[in-house]
Amino acid sequence: MCGIVGSIGRSDDTVDVLMDGLRSLEYRGYDSTGIALGPKLQVLRKSGELDALTEVVNANEPTGTYGIGHTRWSTHGPPTDRNAHPHTDENGRVAVVHNGIIENYAELKSELEAQGVTFSSDTDTEVVPHLIAQRLADGVDAETAFHETVDRLDGSYAIAAIIDGEETIYAARQGSPLVVGVGDTCTYLASDVPAFVEHTRDVIYLEDGQRVRADADGYTVFDDDREPVEVSIETVSYTAEETGKSGYDHYMLKEIHEQPTALRQCFSGRADALEGTISLEEVDEIPQPDAVQFVACGTSYHAALYGASILRETGVPAEAYLASEYALSPPPLSLGTLVVGITQSGETADTLAALRDAQSRGVTTLALTNTVNSTAARECDHAVYIRAGPEIGVAATKTFSSQLVGCNLLAEELVDGQRDLRPLIESLRGLPDDVQSILDSSAAESLVDDYADSDAYFFIGRGTNVAVALEGALKCKEISYEHAEGFPAGELKHGPLALVTPDTPVFAVVIGDDERAQKTLGNIKEVQARGAPVIAVTDGESAADEIADETLMIPETSERAAPVLANVQLQLFSYHLADELGRPIDKPRNLAKSVTVE
């Protein structure tokens, strides 16, 4: 969480570069923002979203040839002006921005206070500028002071610092993402590439333990022994235009409508419809595992539930685990187990911890991720990319759909056998057109007038559609702020039915006309008997559209592909509900896009 940006080498528009970079990183946090400029150190910061800082900047008209900036997601201390980054030492000589958590900050703070240092914030970050200033006061040079300070820090962090009069930016990464942008005459630093992609697409993905010195002559990357290291420069595939809103009111709506393209990209080149085969080159060498354990958080956990479900159908024992629990209560592992981490960003702290735990126990790990060269992709034994393109909206949409397709491809690649996959391939290949037909004709928006004042929203499904129900509820609650819950349909009578009233609409995902569908129809009648209105998300194969109060239709397709389509209908309902209620859809309170702290 939190977003860091830095720029050096642009003499005339540093402030604009920093502010534009922060605008691109707001999905990482928007509790407060700030910038620091040099060589004559100036710091401007403000609680609230970036517009509040913009007013401060316009009023003060700061200038500088280099600088750093920060947009915050609060961990230590509430979102106030004094807790906003950048933080400085008492003399205003050092300014620091930080993403992550410094776990030994209390010990360091006590030590500094015992030496007479006065703190002005509640943050863990403030120990850093004080430590750097202390070493500068002892007579060491700026670079050494930075290195020695970083050596003392425990925890996860991406840090950037500037020092009054020193035309240099110093930065370090440990457990939190930090990338370097390489321009013709400029160097950029950021938590994520969108912060500087309009200026350069050439990127260095820093490894844990690496540090950077950037000045007017370029940059040097060091290891944690302070030795210079050779690093590779990669060129990202997307452009600045792809990270904009493209005329949509919200990133979320844009990304919902980008799902046909995202699904084509995910599927392209990975299946042969004529031969009926699926091939993922990234995992060709993995033998069929004895078992698969998925680890993930949030929306990605719902994709993991889906992935485990379809793998079990192929005969492979598979389970999905919440990554935040996995490392603390690790399940038994055999050497033939494959552990798959699903993470959009590839930087999710809990998922990385779970994958590292699995690696420490000697099993094979795989990252199913959207972000090339992310930490998960680099650290795992294998990586499969879902190719959804940049997703800026905090609420995941196109990446979830692509994760479901990725799970299908992965499941079939891992399973030995000679099954005819042509029906599955045809349905997956048809998903872009099927999703587009929903986007063109969905009745989801028309439901909002009738249900916007409901007490709560329930979502039910069976089989692979349990994941869809859970994801539908998550989307509803995170962007509308309305109470929403998802359940396996059969669990309603084991407790949740007590909450059902005429003011709690129930969204029931009913696909096909098999035993699971028929049992879900029974659950629909149960809630209707308690007065609850039912909205069926269905393909029309069963009688769901006849008995439900409202219907959101999806095209007929395979059982594997149908959850993708049902999910799109629920995304649209949640979006339009939140829009009707006037919620800040792209910036839901208390949330951030990439959860890089545990």
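Visitor: Which helices each supply at least two residues of the negative patch?
Guide: α15 (444-451) and α19 (562-580) do. Helices here are DSSP runs of H or I with at least four residues, and strands are runs of E with at least two, numbered from the N terminus. The model is predicted, so local features need pLDDT of at least 70 and side-chain atom pairs 80 or more, while totals for chains, interfaces and linings use all residues. Residues count from 1 along each chain as its sequence is written, and side-chain values use heavy atoms, without hydrogens and water.

Visitor: And where does the largest share of the patch come from?
Guide: From α15, with three residues.

Visitor: Is Asp453 buried or exposed?
Guide: Exposed, because its relative accessibility is 64%; buried means under 20%, exposed over 50%, partly exposed in between (1.4 Å probe, protein chains only). Asp453 sits in the loop between α15 and β22 (457-461).

Visitor: Switching topic: how many salt bridges are there?
Guide: The structure has 32, each a side-chain nitrogen of Lys or Arg within 4 Å of a carboxyl oxygen of Asp or Glu. One of them pairs Glu347 with Arg173, with the closest N and O atoms 3.6 Å apart. That pair links distant parts of the chain, 174 residues apart: Glu347 in the loop between β19 (337-343) and α10 (349-360), Arg173 in strand β8 (residues 166-174).

Visitor: Is Arg173 buried or exposed?
Guide: Buried, at 3% relative accessibility. Glu347 is buried too, at 9%.
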